Amino acid sequence: MPYLLTIKNLVKRYDTHEVLKDINLNVHKGEVVVIVGPSGCGKSTLLRCINGLDEIQGGEIVFDHKTISGHKTKWTEVRQSIGMVFQSYDLFPHLNILDNILLGPTKAQGVKKEEATKQALSLLKRIGLEEKKYAYPRQLSGGQKQRVAIVRALCMNPKIMLFDEVTASLDPEVAREVLDVMLELAKEGMTMIIVTHEMAFAKAVADRIIFIDAGMIVEESSPKEFFDNPKSERAKRFLNRFNFTKGDDDE
Ligand code: ADP
Ligand code: MG
C-alpha cells in the first residue's frame, strides 16, 4: 500500500539547536499514529513541520505523492488537505459556531455556503452540538469548543488530521468527550497523527506508537508492545512517570 505521508531524514534546527534529528516516518492511509514523549522532545515541532508552519533544514516530506518540503510548496493549498487541531482551540470570538466552521470551506476552498452548511450541521449533530450553532465561543465549555475545532478542521475534508495535545487544558471528564470524537474518527478510517499525554487513550486509539526523546525516534511499535514491553530505558522511564502499567485500562 502506498504511503499518504513519508518523512525522510528530517532535520529541524532553531539557530544551532537541533530540535529534530534524522526523523523517518511513514504513515499509511487510514492509519492512526500516536506520538508520545517527554515535554520539549520535539513533538509539536514535528507536527508544525508537516503542515509547513516550520521550515525544515534537512530531509524531505512527501504528502499525497507531492514533495511538500521545498520552497516552491504552495502551503495554502497543501494545508487544505491537512487538518490541524491544537491545544488552544482558537475559534474566532466574534463569529458564531456555524460561521467559525464555515469560514474555511467557503473562504479558502470556495465551497458553496449551502453545501458547506449542510456538512457543518451534520458534523455538529454527530458531536451533539447542533443546538449550539448560533452560540458564540464564549458560551461553550472548553470541551465543546475543542469539539467544534475538530469539526471545523473536518469540514475542509482533509486527507490527514494532526492533533497536538488537544485535551491538555481540559478537565478529565470533558477531555473524555473530545477523545471519544477522535476514537470515532479513527474507527471511520481517518488518517491521523496524534500527540497526546493520555496514555490509556493512546493505547486504545493507536495503530502504531512513536516514542520521541530529544528529537529522535527512539521506539516505534504496536501499542501493546510499547506499553507492555517498552524496549528502551528511556521509554520505560517515560512510562513510569504516568504510572501506566500493563492492563491499566483494558483488563
Ligand atoms: P514538545 O511539543 O515535544 O513539548 P516542542 O516541539 O514544542 O516540544 O519543542 C522542542 C524543542 O524546540 C524545545 O527545546 C523547544 O524549546 C524548542 N523550540 C520550539 N519552538 C521553538 C521556536 N520557535 N524557537 C526556538 N526554539 C523552539
Ligand atoms: Mg508540544
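What follows is a short tour of the ligand site, the strands and a few single residues.

This is a predicted model, where local features need pLDDT of at least 70 and side-chain atom pairs count only at pLDDT 80 or more, while totals for chains, interfaces and linings use all residues. Residues are numbered from 1 along each chain as its sequence is written, chains are lettered from A and ligands numbered from 1 in the order in which they are written, and side-chain values use heavy atoms, with hydrogens and water left out. Helices (H or I, at least four residues) and strands (E, at least two) are DSSP runs, numbered from the N terminus.

**Around ligand 1**

- The shell here takes in residues with a heavy atom within 4 Å of the ligand. For ligand 1 that gives Tyr14, His17, Val19, Pro38, Ser39, Gly40, Cys41, Gly42, Lys43, Ser44, Thr45 and Arg48.
- Sorted by class, those residues are 4 nonpolar, 6 polar and 2 charged. In this scheme Ala, Val, Leu, Ile, Met, Phe, Trp, Tyr, Cys and Pro are nonpolar, Asp, Glu, Lys and Arg are charged, and the others, Gly among them, are polar.
- Now for the polar contacts (pairs of N or O atoms within 3.5 Å; within protein, one must be able to donate a hydrogen and the other to accept it, and residues adjacent in sequence count only if both atoms are side-chain atoms). A polar backbone atom of Gly40 sits 2.6 Å from an oxygen atom of ligand 1.
- On its own, ligand 1 exposes 570 Å², and the protein buries 61% of that. These areas come from the Shrake-Rupley method with a 1.4 Å probe; for residues, only the protein chains shown count as cover.
- The top contributor is α1, with 4 residues.

**Helix α1**

- Is α1 mostly covered or mostly open? It is mostly covered, with 6 of its 8 residues buried. Buried means under 20% relative accessible area, exposed over 50%, and partly exposed in between (1.4 Å probe, protein chains only).
- Those buried residues are Lys43, Thr45, Leu46, Leu47, Cys49 and Ile50.
- Just past the helix, Gly52 has a positive phi of about 75°.

**The open sheet**

- Four strands make an open sheet in the order β2-β1-β4-β5, with antiparallel pairing. Both β2 and β5 (66–67) are edge strands with a single partner each, so one side of each has no neighbour in the sheet.
- Strands count as paired if DSSP finds at least two bridges between them. Antiparallel β1 (residues 3–14) and β2 are joined by 8 bridges, and Tyr3 has His28 in β2 as its bridge partner.

**Strand β9 and its neighbours**

- In a regular strand, side chains alternate between the two faces of the sheet. Both faces of β9 are covered, with Arg208, Ile210 and Ile212 buried on one side and Ile209, Phe211 and Asp213 buried on the other.
- With β3 (residues 32–36), β9 pairs in the parallel sense over 4 bridges, and Val36 is opposite Phe211.
- With β10 (residues 216–221), β9 pairs in the antiparallel sense over 5 bridges, and Ile212 is opposite Ile217.
- The β9 and β10 hairpin has 2 residues between its strands, and Ala214 takes a positive phi near 50° there.

**Single residues to look up**

- Met192 lies in strand β8 (residues 192–195) and is buried, because its relative accessibility is 0%. Met192 and Val32 are 160 residues apart in sequence, yet their C-alpha atoms are 4.8 Å apart.
- Leaving out residues up to four places away in sequence, Met192 touches several others, including Ile160, Phe163 and Leu185. Contact means heavy atoms within 4.5 Å.
- Most residues other than glycine have a negative phi. His65, in the loop between β4 (58–63) and β5, has a positive phi of about 70°, and is exposed at 66% relative accessibility.
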